[in-house]
Each structure stands twice: as C-alpha cells, then as structure tokens.
Amino acid sequence: MAVAPPRTSHATHAVANQAQPLEDYNVFEADRPLVEAVSREGGNYAVDTITAVGEVAGRAETIELGRLANENPPRLRTHDRFGNRIDEVEFHPAWHRLMDVHVSHGLHALPWREPEPGAHVARAAAFMCLSQAEAGTGCPISMTYSVIPALRAQPEVAAIWEPRFTSLEYDHRMVPAAEKAGALSGMAMTEKQGGSDVRANTTSAVALNGGGPGAEYELTGHKWFCSAPMCDAFLVLAQTEGGISCFLMPRFTPDGERNRFHIQRLKDKLGNRSNASSEVEFRSAWAQMIGEEGRGVQTIIEMVNHTRLDCTTGSASGMRAGVAQAIWHTDHRSAFGKLLAEQPLMQNVLADLAIESEAATVSALWLARQFDEAHAGDERARLVRRLATPVLKYWTCKRAPSHAVEALECFGGNGYVEESGMPRLFRESPLSSIWEGSGNVQALDVLRAMVKSPAATQAFADEVGAAAGSEPRLDRFGSALAQDLQDTDGMEMRARGLVERMALALHGSLLVRFGDEAVADAFCATRLEGNWGNAFGTLPAGVDCARIVERHRPLAA
Ligand SMILES: Cc1cc2nc3c(=O)[nH]c(=O)nc-3n(C[C@H](O)[C@H](O)[C@H](O)COP(=O)(O)OP(=O)(O)OC[C@H]3O[C@@H](n4cnc5c(N)ncnc54)[C@H](O)[C@@H]3O)c2cc1C
C-alpha cells in the first residue's frame, strides 16, 4: 500500500499585503483631469469613442497584449529561404491586435476623417488612454496621423494616399497599398552623420522625368533611424539640385515590385521594444516629390509639428499611468500598521506626482485644441501653437523620466521588477524627449520662433497673461520671466532655463484658470514660488495632499 506523503504546509507561501493588478477599469473615466480637459477643450462630441478606447485600454486582456508585444519584440527577415530580398518585419500577434485597436478606433486619423471642432482634442485623449496599455504602437499611429497635413502639400498624391492612411481597417499584409484595405505611414529623416541637423542629409534624389513637385525620382542613400519600417510609405528627405526636398516613398513601386528599400538591421533599444526601429538603405528607390523642390524641411515640418504634439501627449500619458499605478499600489499596501497611501510622507509624494501629471494633461489637451483651431483657420491659435508646441514638448518630455522613477519607487522593490510594468514605463520615458527634436533642439526652436515671429511671442504672452490678476505668485513669476526674455545677451546658452520657465508660466496660467484649486495652489507655491525641494514629495506644509490624491485616484479605494 502506498504511503501518503506528509502534508506540506503552505504557510510560507501565504500571499498577504500585496496589491491586485490595476485592470478591468475605464482608463478614461477614471482620469478626472482628462475628462474635464476633454469637455473644456471641445472634445466631448467624441466622448463615446474616447470612453470606448478607455474601456479597452483598461482591460486585463489589453494590458496582457502590451506585455506580450514588448516581451516578444519584432524580428527582421531580410531574405526569403531562396535568397531573395524581402525586407519584412515579423511581429508577435499581440502587436497586430493592439494596432487593430488603434486603427479601428481612428486614433491614426480621427481629425482628418471627422474635421469637427475638437477632433484633435478627442484623438489626443484617446491616444493618451491607449498609450497607457502599450506605448510602442503609438509610433506608427502617430506618424500616420501626422503625415496628412504634410502630404496635402501635393494634392494629387494626397488624393491617392489619404483615403488609405485614414481607413479604419488595419491591414498588415506586405502587398502594394492599392490592394490593401488600409495603409500606414512612417518617416525617415535622420542619417548617420546628423539627425538634428537634417540639412546635412546626403541621400540624393535623381528625377526620372524632368522632376518637380509630384514628379518621380530615384533616391539613393541611407537612414540611420527609420521607425516602423513595415509601414506602406514614408515621408523622407533627400538632396536634389535645388536643395533638400521631401518625398513620399512607398514600399512598392507603381509596377507592383518591392521598392529598393532595404532594411539593414533593427535597433536594440532601451525601451519601446515592441516597435521596430531600423536602419535602412535606399538603392535607387522610387519616390514622388511632395511640395516644392528645395523646401523639404518646410514641408516635412508640418508632419513633425503633429508628432511633437503626440510626444507631449505621450509623456502626459506616461505620467498619468505612473500616478494611477502608484496610488493604486499604495492604496493596497500597508507598512507600520497603516496603508501606505495614508502615510503623510507618501501622500506628499503621490500628490506631488499628481500635480505634475495634471499640469501635463491640462496643457497637452489645451495644445491639441490649438491644433484644432489653427486647422480651422484661427490665426491666434496658429501663432500660439508655434511657440507652445516646442515649449511643451521640451518640458513635458523632460519631466517624464524623473516622474516615472518616483512612481516606480512607490512600489518599493516590486517596482523594480518587470512584472509590475513599472520598468517598461521607466524605459519608455526618455524617448519622447529625444525623437522629433531633442531637448536642446526644442529650446533653440523656441528662440528661433521668438526672433522670427514677434506676433507668436505676443500670442504666447497673451495666453499666459489671460490669468493676470488672479494669482499674485503667477503674476510675479510672469513679470520676472518677461524681463529676462528681454535680455538677449547669451540667450542661446540660457535657452533651456528660459523655455522651462515659459512652460511653467503656461502650466500655471492654465491650472489657475481651469485646474483644480488645490492643484493650482500647490503648483504656484512649488513650481513658481520655489517653496519646493529637488525631488518629488517635497510639497510644503499646508498643501491639501489628501484632496489632490483623491482627485487622481483611478478607482475608489
Ligand atoms: C527609438 C528611436 C526611433 C527613432 N525613429 C526615427 C524615425 O522613424 N525617423 C527619423 O527620421 N528619426 C528617428 N529617430 C531619430 C531621432 O529623431 C534623432 O535621434 C534625434 O532627432 C536626434 O538626432 P541625432 O540622434 O542625430 O543626435 P544629434 O543631432 O547628434 O544630437 C545629439 C545631441 O546634441 C544636441 N544638439 C543638436 N544640435 C545642437 C545645438 N545646435 N546646440 C546644442 N545642442 C545640440 C541634441 O539635442 C542632442 O541632445 C529615432 C530615434 C530613436 C531613439
């Protein structure tokens, strides 16, 4: 007779005092500052779409897709088994399912499909929600959204490609775009010898039939960074006799052959691992000129401005994810006999993170509204957007990494462990500051805009000044800044400091006018008046931390 093994005690495996995952909740509805901003900035007409995206974004299943897409990164297949070049990228099915969620909800195209007032705001809000589940898919989505205004510089080319880029069908087959239900766009500017300095591009373009806007060219050269190389077409820069020019380069030539667009290798990146970023070579690759010859930078900048908006929105999304996760975790974990979220010093950390996140959300959605109004022909919005885009891109993206670190630390050791999702959030956080113009480039762009367009400078000052008289600390901060902006001595060296203060003044003005009273008050005391330390969690006495945390709590505790 078999002897039963002794019963094992499981006492050492009892799981106690650990939080449950934050999942199966509506990412949009749980985010009060975002819900308010959508309504205030004109995006409410699409609230059903945003709510639907928020529901998908919070599903356990979607969060799991995000994990899978990042733990199973894309693989490059340069050749088939017979040695023919194919230049294809293979993705995990989770990537495709996430892409399908983006595209089917129109996150790549909403304002072009429905040019309603508030469409850029609605799209930005939905993008913020879905990016919290997975950020890598945002790259091709953002580029496809952003390509349209640049493409319209060449109306007959736009007439062919715009319906493909705005389709709600995600079709990832490697076949000519004309045979597909929908297409995606990428962008390739950066070369080995220079990314910020795109005028140093050496890729050359030779006209096939006389050349000029809309004409056919063959491009030869390389691109050191080309994200999402599985896209159906790319906006690229290349030199012609007339100077640097913009082109649309499809993956297939008009006769249905694979274009001479060769993917050399995929980058091994710090984060953003679900997304394929590659090095490519063009060997007499077929392309069409977009916009005027020699004005490539002016043409492609229309695309870049929209991706810069998404960098701002994406960083705000990362901060919101950090706040939601940190509050959720500390609401469920006790130490020294009390929930972490109830400990005064932890409340200080959470509230400080929440203030930063609210400033980012409020200003990102406000910026999206400027895009709506500028597209509708509003000159004030066009001017204010010129300065506010690099100002907010600079500062919001700069804040993301330190914010992510502090949110991660709220989890203690669990935050350093991959399964918590916090390491992925952290690895993602520096990226938006680098691409689409790194920090210094943004700061210098602000100076350039101020020199070239006093009207844009005035529009920015008017926006900040709209809160004048309501908050003395903001008034004092604004006056000192205005004085320092008059001093042009050594301005290039001082550019970061000035742009940071411009961002803080804009945040302050928006929060005082539209934000929560306790958040605005704490923002002014710390970020404007300097009653603050060098790390998050150094809010002064008197700040209503409990109220601020409650406002940002993703779900009732
Ligand atoms: C994951 C990832 C994906 C990318 N995807 C794409 C893509 O799809 N398409 C594409 O075209 N590019 C892409 N990029 C490239 C990205 O846009 C560039 O890396 C970026 O613009 C910086 O260019 P660079 O790398 O050549 O750096 P550099 O231009 O060499 O800059 C290095 C540093 O010098 C600073 N700097 C530059 N000029 C000045 C100045 N005048 N004064 C002071 N400081 C200065 C910059 O701010 C930066 O900090 C991607 C990058 C990454 C990391």
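**Ligand contacts**

Tutor: Start with N440: one of its polar side-chain atoms lies 2.9 Å from a nitrogen atom of the ligand. Such a polar contact is a pair of N or O atoms within 3.5 Å; within protein, one must be able to donate a hydrogen and the other to accept it, and residues adjacent in sequence count only if both atoms are side-chain atoms. The model is predicted, so local features need pLDDT of at least 70 and side-chain atom pairs pLDDT 80 or more, while totals for chains, interfaces and linings use all residues. Numbering runs from 1 along each chain as its sequence is written, and side-chain values use heavy atoms, without hydrogens or water.

Backbone atoms contribute too. A polar backbone atom of M187 is 2.9 Å from a nitrogen atom of the ligand. For M189, a polar backbone atom is 2.7 Å from a ligand oxygen atom. In total, 20 residues surround the ligand (a heavy atom within 4 Å of it). The closest are M189, T190, G195, S196 and S227.

Now the rings. K267 places its charged end over the ring of W224, 3.4 Å from the centre. The charged end of R164 sits over W161, 4.6 Å from the ring centre. The rule: NZ of Lys or CZ of Arg within 6 Å of the ring centre and within 35 degrees of the ring normal.

Ring against ring, there are eight aromatic pairs. One of them, F91 with W95, is stacked, at 4.7 Å centre to centre and 15° between the planes. Rings of Phe, Tyr and Trp (its six-membered ring) pair with centres within 6.5 Å; planes under 30 degrees apart are stacked, over 60 edge-to-face, the rest tilted. F91 has 13% relative accessibility, so it counts as buried; W95 is buried at 1%. Buried means under 20% relative accessible area, exposed over 50%, partly exposed in between (1.4 Å probe, protein chains only). F234, F261 and F282 form one aromatic cluster.

W161 returns in the largest nonpolar core, which has 165 residues. Such a core joins buried Ala, Val, Leu, Ile, Met, Phe, Trp, Tyr and Cys through side-chain atoms within 4.5 Å. W161, L219, L235, F247, L365 and I548 touch the most other members. Helix α10 (344-375) gives the most, 16 residues. Helices are DSSP runs (H or I, at least four residues), numbered from the N terminus.

Last, the loop between α7 (138-151) and α8 (155-165) holds Q154. Its relative accessibility is 6%, so Q154 counts as buried. Leaving aside neighbours within four places in sequence, Q154 is in contact (heavy atoms within 4.5 Å) with P213, G214, M289, I290 and G291.

Note on methods: Helix = DSSP H or I, 4+ residues; strand = E, 2+ residues; numbered from the N terminus.
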